[in-house]
Each structure stands twice: as C-alpha cells, then as structure tokens.
Amino acid sequence: MIIGVFEMIRAELLKSISSIKHGFFTREDGVSSGEFNSLNCGYGSGDAPEKVRKNRAIAISKLGLKKSKLNTVLQEHSNVVAVADKTWTIEARPRADAIVTKEVGLAIGVLTADCAPVLFVDDVSKVIGVCHAGWRGALSGVLEACVLEMETLGANRSSISTVVGPCIHQKSYEVGPEFKNEFVIRDKNNVMFFCSSTREGFFLFDLPGYICGRLDTLSLKKNSYLPFDTYELAHKFFSYRRSTHQGESNYGRGLSAIVLVE
C-alpha cells in the first residue's frame, strides 16, 4: 500500500517506522514554471536558484523540518557514499551518490529524474541511508556501498529495510545492445532484466528489477519498491528521457528524503 499519491508519496513499509519521516516528492506544489514546473529541487537543473531554494523549503516543511536541515550531494553516478554528521551547505556538498547518517533531525536526500531513489532504514540501530541509483551507480555497487557504510555507523544489515522509489520502468527504458552487453559481461544472470523491444536489435531494461535483485542478495530485513514510472507519468514526475524525447532543453529533479526523528 502507498500513502499520499500527490505532492509527497510515502511507502507503507517505512510509514510504520516511528523513528523516521520520509517522502518521495512528486513535481507538484512548487513555485517553478515551464520545463521545471513546479517542485524542482535540483540546483544543477538550470532553474533559478531562488526558486529551487523555495521548492526545497516546501518539500522539507512537509517533513516538519527547516530547509537548512537537508543534506544532498553533488551526484556523479558513482558508488561513493558520504557520511553526514552535520548540516553542510550546497556549496560545500560532497561528490557522492549516497548518504548515511545517525544524526536525529538531519534529513538526507537525493535528486532523480528517471534514476531510482532508494531509502534505507535500520530501525533498531537508528541508522538511515539514501541512494541515487541509476544504472551506472547500481552496476558499480552504490547500493552495497551504502549498506557497508551504514554498518560502520552501527547498523546491522539484517535490520535494514529498503524502498526503491519512483523511477523509469522497463516499458519506457529502451537501450542498445552495447548497454545490455555491459551488464551481461559482469554477470550472465543479468540477462533476466532485459526483454526485446519493438525495434530490432534493441532491448527494454528493468531498472527497478535490477536494483531490487541486487538488494535481495544483501540479506537485508525487507526490500520493496513503488510502482511509479517517471517517464510515463508526466504530470507527476520529472524525466530526463521524456524531456529529451520531447525536445525540451532541460528538466527538473525530484527530491526523495528521509530523516530520523525523536
């Protein structure tokens, strides 16, 4: 079951955990216009910085926090994990694609527009994490790196629950043979995440399936995903691929965030 399918989506799996608040934010209820309409939270998008600041403040207020209590990173499709023990400024944000923390009241978040946001919670040890998992980051091990970094903060993987948020789904994700080969060379079993496209020689890639498959190998407590295709649901989510196909010059970024509470 999914709670709140408008401005902020909450997964039932995480909603039942009293020590956290979380949200997968849609593109609705912000102040940006045009291609960034309307809750664009990405400073790297080309949107006016003041509008992005306002949008991030709107989003974080829905978690009951002040805008200064949100940490994001400069994302590079890597497997690098940042440990957050204090609030950092946008200018000082580290280069990484995952964040972990055990600090109460400090929200951590990632920005996506087809890539998958993944939230991690160890409710026993009170350690949380968040990943920006596109195909490149997932293939290079960002999910596993996030779990390992959570363990350095005292987490136990058998107590970690995860939710894969809105991202591009298989029916919308056509790729070429070189893309498929990169996965199959790493592990021949990855062929299960591809099916033939209507175009000869092309394939459809199951990003959330691949991510869930990697999470399932980590002996975590429970893994789940949300059934929202960012490409298909234009009124709800930003999508890099959809914007490219429509000839748009730019695109917004959606925020997914999690915070430990008292």
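Mentor: Ala, Val, Leu, Ile, Met, Phe, Trp, Tyr, Cys and Pro count as nonpolar, Asp, Glu, Lys and Arg as charged, and the others, Gly among them, as polar. This is a predicted model, in which local features need pLDDT of at least 70 and side-chain atom pairs pLDDT 80 or more, while totals for chains, interfaces and linings use all residues. Residues are numbered from 1 along each chain as its sequence is written, and side-chain values use heavy atoms, leaving out hydrogens and water.

Trainee: How do the residues of the lining of the largest pocket divide into nonpolar, polar and charged?

Mentor: A pocket is an open set of points on a 1 Å grid where a 1.4 Å probe fits, with protein on both sides within 12 Å along at least five of seven lines; lining residues have an atom within 4 Å of a point. The largest pocket holds about 650 Å³ of space, a volume being the space filled by probe spheres set on points joined across faces, edges and corners. Its lining comprises 29 residues. They divide into 14 nonpolar, nine polar and six charged.

Trainee: Which residues lie nearest the centre of the largest pocket?

Mentor: Strand S7 (107-112), helix H3 (135-140) and helix H7 (240-245) each supply at least two residues of this lining; helices (H or I, at least four residues) and strands (E, at least two) are DSSP runs, numbered from the N terminus. Nearest the centre are His-77, Cys-115, His-132, Tyr-240 and Tyr-251.

Trainee: Which elements give two or more residues to the lining of the second largest pocket?

Mentor: The second largest pocket contains about 230 Å³ of space, and its lining residues divide into four nonpolar, five polar and three charged. Among those that line it are Arg-53, Arg-56, Leu-70, Asn-71 and Trp-88. The elements that give two or more residues to this lining are helix H2 (49-61) and strand S4 (70-71).

Trainee: What is the bridge partner of Ile-99 in S9?

Mentor: Strand S6 (residues 98-101) and strand S9 (residues 127-133) run antiparallel and are joined by four bridges. In S9, Ile-99 has as its bridge partner Val-130.

Trainee: Which residue, with positive phi, follows H4?

Mentor: Within H4, Val-142, Leu-143, Glu-144, Cys-146, Val-147 and Met-150 are buried, that is, under 20% relative accessible area (1.4 Å probe, protein chains only), whereas exposed means over 50% and partly exposed lies in between. An α-helix has 3.6 residues a turn, so residues three or four places apart point the same way. With a phi near 110°, the residue that follows H4 is Gly-154.

Trainee: Is Met-192 buried or exposed?

Mentor: Met-192 lies in the loop between helix H5 (177-186) and strand S12 (194-196). Its C-alpha atom is separated by 34 Å from that of Thr-101, 91 residues apart along the chain. Because its relative accessible area is 58%, Met-192 is exposed.

Conventions:
Pairing = 2+ DSSP bridges.
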